[in-house]
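This report looks at two residues and one chain interface. Please have the model open while reading.

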Amino acid sequence: MSNHEPQVERMYDKGYRFFTPGTWVLIGLIMICAGVAFGRFFFGLSAVTNLDNDYPWGIWKGINIATFIVLGAAGFTMAFIAHIYGHHKYSTLSRQGVVFGLLCYTFAPISLLIDLGRYWLFWHPIFPRWWQGNSVLFEVAICVMLYLTVLLIEFMPFVIEKYKGKVAWFWPLSMFNRLTEWFLWIADFILLKINIPIIRMPLLAFFVILGVVLSCLHQSSLGTLMVIAGEKLHPLWQSPMLPLLFLMSAFAVGFPVLIFVSLINSYSFGKKPEMKILSQLANYTPWLLGIYFILKMYDLNYRGANVYLYEPSIQKWAWLLEVGLLVLALLMFMLPKVRKTPNWLFMASTFAMVSMAANRQNVLVTAYRPPGVEHVYVPSTAEFFFTVGLIASIIVFYRFIVIYVPIMKKGGDIKPQPEAEPQPEMAASTAGGAE
Amino acid sequence: MDRRKFLKNAAVTGGAVIAGSMIPGEAHASGHGHDPAEFENNYAVLYDATKCIGCRICELACNMTNDLDKPDIDFKDLRVLAKKRRTDETTHTVINRFYPYGDDARMNHKPVFLKQQCMHCNEPACVSACIVGALRKTPEGPVLYDESACIGCRYCMIACPFQIPVFEFDEPLFPVIQKCTLCIHRIPDKLPACVEACPQEAMTFGRRGDLLKLGHGIIEQNTDIYETEIYGEHTAGGTSWLYLLPVPPVKLGLLVQSDVPAGQLSETIQHSVFKYFIPPVALYIFLFLMMFRSSRMDNKSNHEGEEE
């Protein structure tokens, strides 16, 4: 793997700085989000959410967790194609996938922590004393935790590459310079320097494979999560096939997410969209989306649930929206013109992402309608702004990483870059942050 | 490498995982497939809906014995029966009124009252769902909750087919799940509070096996009054609360009809995917071989650069 390291650069060297007016707006949104968390911690869940005994799960589960995790599929799908399947031309994109996945998988548990009633006991599932092998949620929790660790490990080489031997924190963190240096050196030695004999692969390779396996497991288990709700889940979604559908949709949405992220990167850092490579990636997408769509339709018809499309219900419209976007994305990805034009490709990827997000929200929240309950769950303003704040956090942290860690492809600049002042190396840089 | 090859390989990759979920799980591996006789000695209650007059005294008794919050509307106020209610922080049992024979008061249509509380399923979905094992089925019958383990994820509420568990959403730091314990703190010295308080003696407390016999005896002697089946004998895999009903259960809002425990399907899927860890390990080996092959090919072609 290491002999395929792509030509990459960090945006800091191009003269880009972290703080811009846009960043401040996003930080404002994060402050609102923190305010909601404050309200929850001091006044309880009912103070900020519209949850009640009939609807115990809301958008903090449907969007903040299920959707973040399906969009985080970008990490493992890219790792698979670039490193396991061996298409090394996707290595740069894979870096962006790892970073985006890392952030999705970081903020999903953060949201969970605030959503948990007894959050100070969140560590219980880690210890065998509380293991409960029949619980689907337990499996999801363990796999997500392990995969988050794997993502951190996969992220380490990018930091090592830039900062090993050059760590220079700003004051007062500068006292940790030596410690960080040691940490990076050890991580480098263990993950990259040791070459396993015979197979001649660094240890990191085994973590990459582990990441894909863990992803397949918890992406499908997220689907199994709602199977236990039985008839409480609307028949348009409730199906023993849910795990397969969730897994397939995670496969299908990985590349669109990457295309989306890469195009935004190119736009915001004044680079030419990497259309050659993105188009190649987009070529796989109609197949994956197509398989998912066929499976979904087959499942619906096999269970005879299509009759519910003729009955009036909120769920019906949510289903039509979800599947409508899916069909739209599928059709767009099938057109060669769309796959070759940045703007069209961006739109098609967005539709695919929104469709999957809608699917997760639908399965976990919209489809849940307990019998005999007349009122409907609608997220409160605070719940909504909390979710917005988490999305803002992902964007802000992504920007931070793009600026300080080399994950963008070198070259391809189309507009004059901001003057890079000759600054002493690393004056304000950060590294790892693990210590 | 062309696209077709990629798709083929991708399909196999997915297949390895999916194959797991297609293997029919053994009943015992998933913790199910219990013999009904196992539950014969469980504590249970036989509830006769024809005797219940909807006085709400059981609700009051439940509130008092469990030391619960006082409700906004007093338990004596029967006007609350106009609306369908569920268990909440003030009482772990509720009485609901139904008009299964039509709701026209002038026709002297009789209401039927139904008491609802935790059914104490033989194979409870909440126990199957709980991430930390905070809920457990005791050998004596009651399904009990251990707040020291609970992390407050509320998955039990999603899982319960009867919509029973209650969560304290207004409690910022120490919220707990609340539900009926079959008054485990009172038995065997005293009867469960609701059973003892009932002025109509609509409930009989005892062992599940005995109560089933008793219930079937009552039904046989009064076939014109009762439905032929005891609700809870097989429902959701069998429950400790057994209902003698004068009308089909659906007419009393008892929508759970399946005899299969609610947790069975997801447990089967889950245990198939993880059967002896074979599917995950097989997937790992498969991916490793794929990676090994691609790295070998790279070395051979001596980094000929970008493929395609």
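## A buried threonine

Thr77(A) counts as buried because its relative accessibility is 5%; buried means under 20% relative accessible area, exposed over 50%, and partly exposed in between, with a 1.4 Å probe and protein chains only. Thr77(A) sits in helix α4 (residues 73–84) of chain A. Helices are DSSP runs of H or I with at least four residues, strands are runs of E with at least two, and both are numbered from the N terminus.

The side chain of Thr77(A) reaches the backbone oxygen of Ala74(A) at 3.2 Å. Not counting residues up to four places away in sequence, Thr77(A) touches Ala250(A), Phe251(A), Gly254(A) and Phe255(A). Contact here means heavy atoms within 4.5 Å. His234(A) is 157 residues from Thr77(A) in sequence and 30 Å away in space, C-alpha to C-alpha.

## Basis of the values

This is a predicted model: local features need pLDDT of at least 70, side-chain atom pairs count only at pLDDT 80 or more, and totals for chains, interfaces and linings use all residues. Residues are numbered from 1 along each chain as its sequence is written, chains are lettered from A and ligands numbered from 1 in the order in which they are written, and side-chain values use heavy atoms, with hydrogens and water left out.

## A buried glutamate

Glu139(A) belongs to helix α6 (residues 136–163) of chain A. Glu139(A) is buried but has no salt bridge, meaning a side-chain nitrogen of Lys or Arg within 4 Å of a carboxyl oxygen of Asp or Glu. The nearest side chain of opposite charge is Arg360(A), 13 Å away. For charge, Lys and Arg count as positive, Asp and Glu as negative; His and the chain ends are not counted.

The side chain of Glu139(A) does make a polar contact with the side chain of Gln270(B), at 3.5 Å. Such a contact is a pair of N or O atoms within 3.5 Å; within protein, one must be able to donate a hydrogen and the other to accept it, and residues adjacent in sequence count only if both atoms are side-chain atoms. Leaving aside neighbours within four places in sequence, the contacts of Glu139(A) include Leu217(A), His218(A) and Phe274(B).

## The interface

In all, 80 residues of chain B are in contact with 81 residues of chain A. There are 3 salt bridges between the two chains. Arg154(B) forms a salt bridge with Asp115(A), with the closest N and O atoms 3.0 Å apart.
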